[in-house]
Amino acid sequence: MNKADMYFKKAIETIINEGVEETGDVRPVWHDGTPARTKYITQWFETYDLDKGEFPIVTIKPTAFKTSIREIIWIYNWQSNNLEDAHKLGITWWDEFESKDMPGTIGARYGYVIKKYNQIDNLIKSLKETPMSRRHYMNMNQFDCLNETDGLWSCAFEVTCSVRGEFLDLHLHQRSNDVALAYGVNICQYACLQMMLAHTVGLKPGKFSRYVDNLHIYSRHIEGCKEFLKREPQETSPIILFNPSHNNFKDYIVDDFQLINYNPQPNIKMEIAL
C-alpha cells in the first residue's frame with residue numbers, strides 16, 4: 001500500500017475509534033455560526049524516506065499538488081502574508097482568515113515571520129556553512145508576531161533539518177491538523193520544500209517526518225472520512241520529479257515539479273471550519 005494512504009487511513013480509524021470529542025467553547029465555527037467541534041487524538045507521528053520513493057501523497061482522495069506547492073512558494077520564497085500575492089498564485093482559501101488589524105493580509109503570520117527574522121536565508125546559510133550543526137530550524141509562531149495582530153496561528157509552524165551524509169532530512173512539527181481537508185496537502189507540500197532546500201545546498205532529499213500535536217476530524221467531516229476508509233489506494237506509487245534549472249531557492253517555481261502516475265479517487269466535498 002502507498003505509505004501515505006496507509007497513514008491516512010490509520011489516522012481516520014484511530015480518531016473514529018479512540019478519539020476524544022471536544023466539548024465546551026471552541027474557536028472555530030461553521031459558516032452558519034455554530035461551533036465547529038472535533039474528535040481528536042494527540043501525538044501523531046509518521047515518517048517517509050524520499051530517497052526510497054516514499055513520497056507522501058494520498059491517492060484515496062485527490063491532493064491539489066500544484067496549489068500545495070504554490071502555498072509553500074508564497075510563504076517561503078515570496079515570504080508574504082499578503083492576500084493579493086496569494087491570489088496571484090491561485091490561492092484563495094486564506095481569504096476567510098483576513099486580518100482585521102492588518103487588512104489585505106492574514107496578519108503577522110507565516111511569510112511575514114519568515115521575512116522578519118530572515119529565517120529561510122539563515123537556514124540555507126547554516127546548512128551550507130555548518131552542516132553538522134543541530135540548530136537548523138525555522139519557527140513561525142513567534143510570540144511578538146502573534147501578539148502584533150490578529151490572525152490564525154501557524155498550524156505547520158516548525159521545520160527542523162538535519163544533514164545525514166549526502167542527505168538532507170526534514171522534520172515538520174504541526175500544532176494542529178484537519179485530517180479531511182489539510183492532511184494530504186501538508187505532507188505533500190513540506191516534502192517538496194525539503195526537495196527545494198536539499199537542491200539548494202547540494203544534498204539529496206532523505207527522510208521526511210511529521211509530528212502533529214492535535215490531529216482531528218471535524219464533526220461534519222466524519223461521514224466523509226468513513227467513505228475514505230472504504231476505498232483502496234492505487235496500486236502503483238506516484239513519482240515526483242524536481243528538475244529546476246537553477247539552485248537559487250527564491251527562484252524556484254511550481255513548474256520545477258512534475259507529478260507522474262498520480263490517479264487519485266474523487267474528492268468528497270466538505271465544509272471548511274473557520
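Which residue forms a salt bridge with Lys226? The partner is Glu223, and the closest N and O atoms of the two side chains are 3.5 Å apart.

## Basis of the report

This is a predicted model, in which local features need pLDDT of at least 70 and side-chain atom pairs count only at pLDDT 80 or more, while totals for chains, interfaces and linings use all residues. Residues are numbered from 1 along each chain as its sequence is written, and side-chain values use heavy atoms, with hydrogens and water left out.

## Helix 8

Lys226 and Glu223 both belong to helix 8, where they are 3 residues apart and therefore separated by about one helical turn. Helices (H or I, at least four residues) and strands (E, at least two) are DSSP runs, numbered from the N terminus. An α-helix has 3.6 residues a turn, so residues three or four places apart point the same way. Glu223 is exposed, with a relative accessible area of 53%, whereas Lys226 is partly exposed at 34%. Here buried means under 20% relative accessible area, exposed means over 50%, and partly exposed lies in between (1.4 Å probe, protein chains only).

Helix 8 covers residues 222-229, and its buried residues are Ile222, Gly224, Cys225 and Phe228. Seen down the helix axis, the buried residues of helix 8 fall within an arc of 160°, so they line one face of the helix. The arc is that of the directions from the helix axis to the C-beta atoms. These buried residues pack against helix 1, helix 7 (179-200) and strand 6 (204-218); contact means heavy atoms within 4.5 Å.

The structure holds 13 salt bridges. A salt bridge is a side-chain nitrogen of Lys or Arg within 4 Å of a carboxyl oxygen of Asp or Glu. One of them joins the side chains of Glu166 and Lys204, at 3.3 Å from N to O. This pair links distant parts of the chain: Glu166 is in the loop between strand 4 (156-164) and strand 5 (167-178), and Lys204 is in strand 6, 38 residues apart. Glu166 is partly exposed, with a relative accessible area of 43%, and Lys204 counts as partly exposed at 40%.

Another salt bridge is formed by Glu271 and Arg220, whose closest N and O atoms are 3.0 Å apart. Glu271 lies in the segment after strand 8 (257-260) and Arg220 in the loop between strand 6 and helix 8, so the pair ties together parts that are 51 residues apart in sequence. Glu271 is partly exposed at 27% relative accessibility, and Arg220 is partly exposed with a relative accessible area of 39%. Salt bridges that share partners join Asp32, Arg220 and Glu271 into one network.

## Aromatic rings

The structure holds 14 aromatic pairs. Rings of Phe, Tyr and Trp (its six-membered ring) pair if their centres lie within 6.5 Å; planes under 30 degrees apart count as stacked, over 60 as edge-to-face and the rest as tilted. The rings of Tyr7 and Tyr48 have centres 5.4 Å apart and planes at 70°, so this pair is edge-to-face. Tyr7 lies in helix 1 (residues 3-18) and Tyr48 in strand 2 (residues 38-49), so the pair ties together parts that are 41 residues apart in sequence. Tyr7 is buried, with a relative accessible area of 14%, and Tyr48 is buried at 1%. Together with Trp44 and Phe208, Tyr7 and Tyr48 form one aromatic cluster.

The charged end of Arg210 sits over the ring of Tyr183, 4.5 Å from its centre. For this, NZ of Lys or CZ of Arg must be within 6 Å of the ring centre and within 35 degrees of the ring normal.

Gln79 lies in the loop between helix 2 (65-77) and helix 3. Gln79 is buried, with a relative accessible area of 10%. Not counting residues up to four places away in sequence, Gln79 touches several residues, including Trp74, Tyr112, Ile120 and Lys250.

Glu84 is found in helix 3 (residues 83-88). In contrast to the buried Gln79, Glu84 is exposed, with a relative accessible area of 52%. Glu84 and Thr34 are 50 residues apart in sequence, and their C-alpha atoms are 30 Å apart in space.
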